[in-house]
Amino acid sequence: MTSLLILNGPNLNLLGTRQPEVYGKTTLAEIEAMCAAKAKDCGCSVTCLQSNCEGELVNAIQATRGTHDGIILNAGAYTHTSVALLDAIASIDVPVIELHLSNIHAREEFRHKSYIAPVAVGQICGFGPDGYSLAMDAMLSHLGHAT
Ligand code: CA2
């Protein structure tokens, strides 16, 4: 069965509890439940992980070798800073879709730079929690998974 990893980075555990004007009212638990329900509909499996620690995200990316077919990654602020995440993604054969709730290109200049984008299949941003569903569709299509 096609297996996807939904990986969320720093502070995304706070979704729905702080700054709803920027990141909305949906909690991470609700997003993960939506991803699990969609996976069931699509006949694939999902594992959802969140970490505030860069090294744990690197470990999770490395551990997908032989265990997952695709990664949907919202690396949060590490998107804009992390050569370690870039190197981890470059070291695996598993495709990665970069995801953001907000449109990072319409925000502060420092959010326009992504270290993930050059090693990602593509980027989805600006669609809020719907982006996770869009990213799952995009990844399943990329993997040739018939739904
Ligand atoms: O738009 C996104 O998904 C981001 O990855 C979110 C990151 C931000 O640094 C990126 O530039 C874009 C920040 C996540 C912080 O999440 C919070 C949620 C609720 C309250 C406070 C922070």
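Student: What makes us say that the ligand sits in the largest pocket?

Tutor: In this predicted model, a molecule is said to sit in a pocket if more than half of its atoms lie within 2 Å of the pocket's grid points, and by that test the ligand sits in the largest pocket.

Student: Which residues surround the ligand, and which of them are the closest?

Tutor: A residue counts here if one of its heavy atoms lies within 4 Å of the molecule; 17 residues surround the ligand, and the closest are N74, H80, L101, S102 and R111.

Student: How is that shell divided by class?

Tutor: The shell around the ligand has eight nonpolar residues, seven polar ones and two charged ones.

Student: How much of the ligand's accessible area does the protein cover?

Tutor: On its own the ligand has 510 Å² of accessible area, and the protein covers 95% of it.

Student: What is the secondary structure of the protein chain, and what pattern does it follow along the sequence?

Tutor: The protein chain has five helices and five strands, and read along the sequence they follow the pattern β-α-α-β-α-β-α-β-β-α.

Student: Why is the protein chain called as compact as a globular protein of that length?

Tutor: For 147 residues the globule rule gives 15 Å, and the radius of gyration of the protein chain is 14 Å, which is close to that value, so the chain is as compact as a globular protein of that length. Along its principal axes, the C-alpha trace spans about 40 × 30 × 25 Å.

Student: What is noted about phi of N11 and of Q19, and where are these residues?

Tutor: Phi of N11 is near 75° and phi of Q19 is near 45°, each a positive value in a residue other than glycine. N11 is in the loop between β1 (3-8) and α1 (20-23), and Q19 is in the loop between β1 and α1 as well.

How values were computed
Residues numbered from 1 in each chain as written. Predicted model: local features only at pLDDT ≥ 70, side-chain atom pairs only at ≥ 80, totals over all residues. Heavy atoms only, no water. Areas by Shrake-Rupley, 256 points an atom, 1.4 Å probe, with all protein chains shown as cover. 1 Å grid on protein atoms, 1.4 Å probe; cavity = no way out; pocket = protein on both sides within 12 Å on 5 of 7 lines; lining within 4 Å. Nonpolar A, V, L, I, M, F, W, Y, C, P; charged D, E, K, R; others polar. Helix = DSSP H or I, 4+ residues; strand = E, 2+ residues; numbered from the N terminus. Rg over C-alpha atoms; globule rule 2.2 N^0.38 Å.
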